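Hi there,

Here is the structure we talked about passing on.

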Amino acid sequence: IRRQIAQDLGLVVPPIRIRDQLRLEPNQYVVKMKGVEIGRGEVLPGCSLAIDNGTASGSLPGVETREPAFGLKAYWVTDQNRAFAEQRNYTVVPASSVLATHLTELIKRNAASLLTRQETSRLVDALKERAAKLVEEVIPDLLKLGDVQKVLQNLLRESVPIRDLETILETLGDWATRTKDIEVLTEYVRNALARQICQAYLAEDGKLYCISLDPPLEDMIQAQVERSDRGSFL
């Protein structure tokens, strides 16, 4: 999971410790980050989770529940009922995959909080090995390390990968002389990563499907945005 997150987002997740907790129910698990619970679920060993993806029909013989990562209706079924569930268009996955998917989604949702100042420094140091001049130009003359961290956190909050750190720093170097507003800088960086962002959302036919707001509605929302030193608020 940590390797996959590194490939997808460019974020190296700290080691994940697994500890037994007798106060939990026998099949229950809790995920904590910095000692604070960010998610919990339940898995039944020896069973598979049949998930209703919207096309399934009818109920199943098993324990009704909710898929923990996305909250979809699901049933815990035995191996004997696995084929029956698939015939009814349920997506059937093993218990280990349920836990792995939930953990992956929790990491992605909290990726910005996982990017600490120390981790940002490590990423910048790795970039310095192949683009020393670029790093020296931007940090600390134009932006502090903390400013770069905030831009990267803004990107991660929207699931924008920060793998291409070289392009990100180049863009910050181009625009930091004109503005120090973190939100504005983030917008410039997002624009520079447009091709990479779009690539992740292309459909199988190579098209990018989107929903656009009616211009008057967009103007109405924009007019209600209050900008301050602490960022923008609706």
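Which strands and helix each supply at least two residues of the lining of the largest pocket? They are strand S1 (28-33), strand S2 (36-42) and helix H3 (95-109). S1 gives the most, with six residues.

Before going on: this is a predicted model, where local features need pLDDT of at least 70 and side-chain atom pairs count only at pLDDT 80 or more, while totals for chains, interfaces and linings use all residues. Residues are numbered from 1 along each chain as its sequence is written, and side-chain values use heavy atoms, with hydrogens and water left out.

The largest pocket has a volume of about 1200 Å³. A pocket here is an open set of points on a 1 Å grid over the protein atoms alone, where a 1.4 Å probe fits, with protein on both sides within 12 Å along at least five of seven lines; lining residues have an atom within 4 Å of a point. The volume is the space filled by probe spheres set on the points, which are joined across faces, edges and corners. Of its 34 lining residues, Arg-17, Ile-18, Val-30, Val-31 and Lys-32 lie nearest the centre.

The second largest pocket has a volume of about 330 Å³. H9 gives the most to its lining, with five residues, and helix H7 (145-157) also supplies at least two. Helices (H or I, at least four residues) and strands (E, at least two) are DSSP runs, numbered from the N terminus.

Best wishes
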